[in-house]
Number of protein chains: 2
Amino acid sequence: MEKLVLLPGPVMVHEDVLLRSAKQVMNHRSEEFEEILTECVELSKYLFQTDGNVAIITGSGTAAMEAAIYSLLEPGEEVVAVVNGKFGERFADIAERRGAEVRRVEFEWGKVADPERVEEALADSDAEVVTLVHNETSTTVLNPAEEIARICREYDALFVVDAISSLGGVEFRMDDWGVDVCVTGSQKVLGCPPGLALVAVNDRALEVMEEKDAGSYYLDIPKYLEYLEKDPKQTPYTPAVNAFYALHEALKRLKEEGLEARWERYRLMQRIVREGIRALGLELFVEDDEIASPTVTGVTYPEGVDDREFRGEILRDRYDVVVAGGQDHLAGEIFRIGHMGEVRIRDMITAVTCIGLGMRELGVDVDVGAAAEAMADVLSEVS
Amino acid sequence: MEKLVLLPGPVMVHEDVLLRSAKQVMNHRSEEFEEILTECVELSKYLFQTDGNVAIITGSGTAAMEAAIYSLLEPGEEVVAVVNGKFGERFADIAERRGAEVRRVEFEWGKVADPERVEEALADSDAEVVTLVHNETSTTVLNPAEEIARICREYDALFVVDAISSLGGVEFRMDDWGVDVCVTGSQKVLGCPPGLALVAVNDRALEVMEEKDAGSYYLDIPKYLEYLEKDPKQTPYTPAVNAFYALHEALKRLKEEGLEARWERYRLMQRIVREGIRALGLELFVEDDEIASPTVTGVTYPEGVDDREFRGEILRDRYDVVVAGGQDHLAGEIFRIGHMGEVRIRDMITAVTCIGLGMRELGVDVDVGAAAEAMADVLSEVS
């Protein structure tokens with residue numbers, strides 16, 4: 001029996017998607033591949049809720065972040081980077097690597113970004129670009145992208161959002177909100193194998209990119225868009241063809257389920273986990289439901305519980321459930337339960353129950369029965 | 001029946017490799033993945049014939065080229081770029097994008113690089129880096145990497161080789177020859193799906209990289225090597241886990257066949273194709289067997305044959321054989337038959353015969369019988 005992998009990406013992949021990826025490789029500069037590529041781009045626009053442009057890059061989410069930054073910023077240019085976790089920090093680091101002048105607007109890890117502070121930074125600088133991580137996977141916090149987008153519009157700054165671990169899993173409306181560039185990855189909500197990154201760019205941002213000296217050859221977004229105009233439509237460099245097969249299938253599954261329905265499903269997953277964890281008597285890393293991530297939930301370790309032992313010998317080896325640890329200074333302090341991809345009610349119940357039983361084995365006083373009742377209550381509200 | 005895809009990458013993937021890639025995703029920062037990653041790195045050293053370091057990057061071959069250049073060169077630094085085709089040009093373009101001072105040593109497309117000209121360029125410049133494409137896929141020419149390596153050693157220049165479409169398919173001895181950095185891709189000789197790129201770096205080059213300001217965040221080679229020292233060993237950014245499964249399987253297949261045996265197999269494939277094409281009465285783009293690519297063969301179109309019609313309606317749609325066209329100014333002038341990956345005798349015979357029959361349909365005077373005889377002669381020598 002395979003393990004129940006509940007990481008905040010990569011996630012378990014549905015059999016239909018996995019098998020699709022095992023189809024024989026085809027010519028990546030053919031009408032046959034054009035059809036897959038084109039449909040992936042069109043379905044991605046639905047995912048991003050945009051009528052703009054979408055580039056699909058072979059690489060990780062970080063590659064897409066770099067593509068956005070290196071296509072938009074030249075050395076010496078200013079950027080406001082909102083930082084309240086590892087990935088917000090990464091955006092800032094990438095911009096520094098590019099030689100940009102980075103103004104960090106920092107918040108404690110686990111706290112939500114305050115739009116007012118972003119406004120202050122914009123009022124006080126010449127920055128024409130703002131970066132934000134929508135769902136800070138490292139801290140399990142959802143940042144207020146819509147409000148910050150509004151501020152960016154007021155200050156005429158381009159708003160670049162990393163929605164790698166949120167897009168498709170919670171309301172996000174690129175065009176309506178006025179997000180200019182948005183990046184995501186295949187291995188999160190979409191439930192694909194890792195290896196593809198998607199970058200959506202509206203015309204306003206594309207115009208700016210086209211005026212800039214791109215900082216990267218491989219991660220040059222306008223070039224990807226230019227190749228989508230060729231006959232046949234293609235990617236500039238050999239794409240991970242099989243990963244495209246998988247993406248195609250996964251995007252069709254998303255369309256079939258419907259974005260709103262998936263958002264709703266994830267809200268339910270989130271509630272089951274949060275109420276279950278609370279009823280166990282464990283502490284949520286982000287107590288406030290209003291800012292809690294819809295796709296990943298952090299749990300603070302009770303005193304004396306060793307991360308490696310709990311997640312390794314107990315949870316993974318004995319209960320066959322895989323969750324993630326904390327990152328950077330949160331390593332050993334929290335663990336994180338991913339609820340993205342194809343996750344369903346049973347997975348959440350399994351996770352919470354096994355976490356409870358595992359904690360009990362380690363001598364933690366948890367109430368497994370109360371957790372079951374709490375989860376049943378959540379479910380009774382929706383059935 | 002699936003098509004016989006004989007592109008110079010991506011190539012057809014063996015069923016065992018494809019199915020391996022459809023295994024469920026696992027935690028990429030686990031002991032379980034560490035084992036796969038570590039074995040891939042070790043087997044890659046055999047492939048490169050090096051005791052040095054190997055980074056495996058999620059991306060195309062171009063990503064690996066950029067990783068090499070952006071990790072080695074800072075803006076303003078000089079580089080000698082040997083250019084006799086599209087990919088040699090790409091190395092130069094990437095270096096220019098990095099802001100390096102690029103000195104191109106250019107040769108006509110279809111001609112081999114002359115080591116003396118490289119020596120002249122080094123004698124006449126302060127360049128500390130030289131780039132070469134070993135097997136120029138665009139022109140089907142194999143460049144003399146060993147000789148140029150010797151010159152680089154004399155001038156104490158770091159030698160960076162793109163062996164994307166040759167490595168594993170023809171003799172290449174990174175350490176013995178003194179190649180400092182070598183890049184390759186998963187979708188060529190290795191016969192994997194596209195999506196992973198490998199970069200081998202010896203200690204001399206790594207020391208230089210560690211002193212430089214890396215130009216890219218995602219494509220920062222020392223960072224990949226640093227993460228191979230972590231516990232568990234891992235990649236800095238989420239890798240294409242399923243592509244690693246495939247790579248692992250493909251590298252084991254290579255090891256099992258043996259490098260020398262694969263080189264020998266490809267020499268045979270090359271001879272069958274070349275003698276077959278000649279006997280048909282068609283013209284090889286590279287007439288000289290000494291400099292002809294071991295993994296891809298270019299054929300000059302007879303006057304009046306339309307590339308799209310021949311490769312599309314005739315060869316692909318009617319005969320189910322897929323070959324590549326020419327690139328850039330060679331588009332419409334040549335077509336290219338890939339013989340890398342898992343190709344076997346039957347594939348070559350099929351390709352040559354179908355090409356002959358297809359040409360005949362278009363009114364070209366070809367001798368299909370003579371081609372069969374010529375291929376039989378080649379085979380009789382080795383059986």
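User: I'm new here, so let me start with one residue: where is the place of Thr140(B)?

Analyst: Thr140(B) is found in the loop of chain B that runs between β6 (135–136) and β7 (141–142), and please keep in mind throughout that this is a predicted model.

User: And what is phi of Thr140(B) near?

Analyst: Phi of Thr140(B) is near 60°, which is a positive value in a residue other than glycine. As background, most residues other than glycine have a negative phi, and most peptide bonds are trans.

User: Speaking of peptide bonds, which residues does a cis bond with omega about -5° join?

Analyst: Asp231(B) and Pro232(B) are joined by a cis peptide bond with omega about -5°, and Pro232(B) sits in the loop between α9 (221–227) and α10 (241–257) of chain B. The peptide bond from Gly9(B) to Pro10(B) is also cis, with omega near -5°, and Pro10(B) belongs to the loop between β1 (4–5) and α1 (15–21) of chain B.

User: Switching to sheets in chain A: what is the order of strands in the open sheet of seven?

Analyst: The order in that open sheet is β2-β10-β9-β8-β5-β3-β4 of chain A, and the pairing is mixed. At the edges are β2 (53–58) and β4 (101–106) of chain A, each of which pairs on one side only, and from one strand to the next the twist averages 20°.

User: Do β3 and β5 of chain A run parallel or antiparallel?

Analyst: Strand β3 (residues 78–83) and strand β5 (residues 129–133) of chain A run parallel and are joined by two bridges; within this pairing, Ala81(A) stands opposite Thr131(A) in β5(A).

User: Now the two chains together: how many residues does the contact take from each?

Analyst: Chain A gives 51 residues to the contact and chain B gives 51 residues. The area buried between chain A and chain B is about 4,100 Å², and carbon and sulfur atoms give 55% of that area. On the side of chain A, the residues that lose the most area to chain B are Gln24(A), Arg97(A) and Tyr217(A), which together account for 18% of what that side buries.

User: Arg97(A) again, then: with which residue does Arg97(A) form a salt bridge?

Analyst: Its partner is Asp220(B), with the closest N and O atoms 3.1 Å apart. Across the interface of chain A and chain B there are six salt bridges, and the count of residue pairs in polar contact between these chains is 22. The elements giving two or more residues to the side of chain A that touches chain B are α1 (15–21), α3 (61–72), α4 (86–97), α10 (241–257) and α12 (307–316) of chain A, and by class that side has 25 nonpolar, 15 polar and 11 charged residues.

User: And how many salt bridges are there over all chains?

Analyst: The count over all chains comes to 58 salt bridges. One pair is Arg173(A) with Glu260(A), where the closest N and O atoms are 3.7 Å apart.

User: Why does the pair of Arg173(A) and Glu260(A) tie together parts that are apart in sequence?

Analyst: Arg173(A) is in the loop between β8 (158–162) and α7 (174–177) of chain A, while Glu260(A) is in helix α11 (residues 259–280) of chain A, so the pair ties together parts that are 87 residues apart in sequence.

Key:
Residues numbered from 1 in each chain as written. Chains lettered and ligands numbered in written order. Predicted model: local features only at pLDDT ≥ 70, side-chain atom pairs only at ≥ 80, totals over all residues. Heavy atoms only, no water. Pairing = 2+ DSSP bridges. Helix = DSSP H or I, 4+ residues; strand = E, 2+ residues; numbered from the N terminus. Axes fitted to C-alpha atoms, helices over the stretch in contact; angles between N-to-C directions. Contact = heavy atoms within 4.5 Å. Buried area = accessible area lost by both parts, 1.4 Å probe. Salt bridge = Lys/Arg side-chain N within 4 Å of Asp/Glu carboxyl O. Polar contact = N/O pair within 3.5 Å; in protein donor to acceptor, adjacent residues only side chain to side chain. Nonpolar A, V, L, I, M, F, W, Y, C, P; charged D, E, K, R; others polar.
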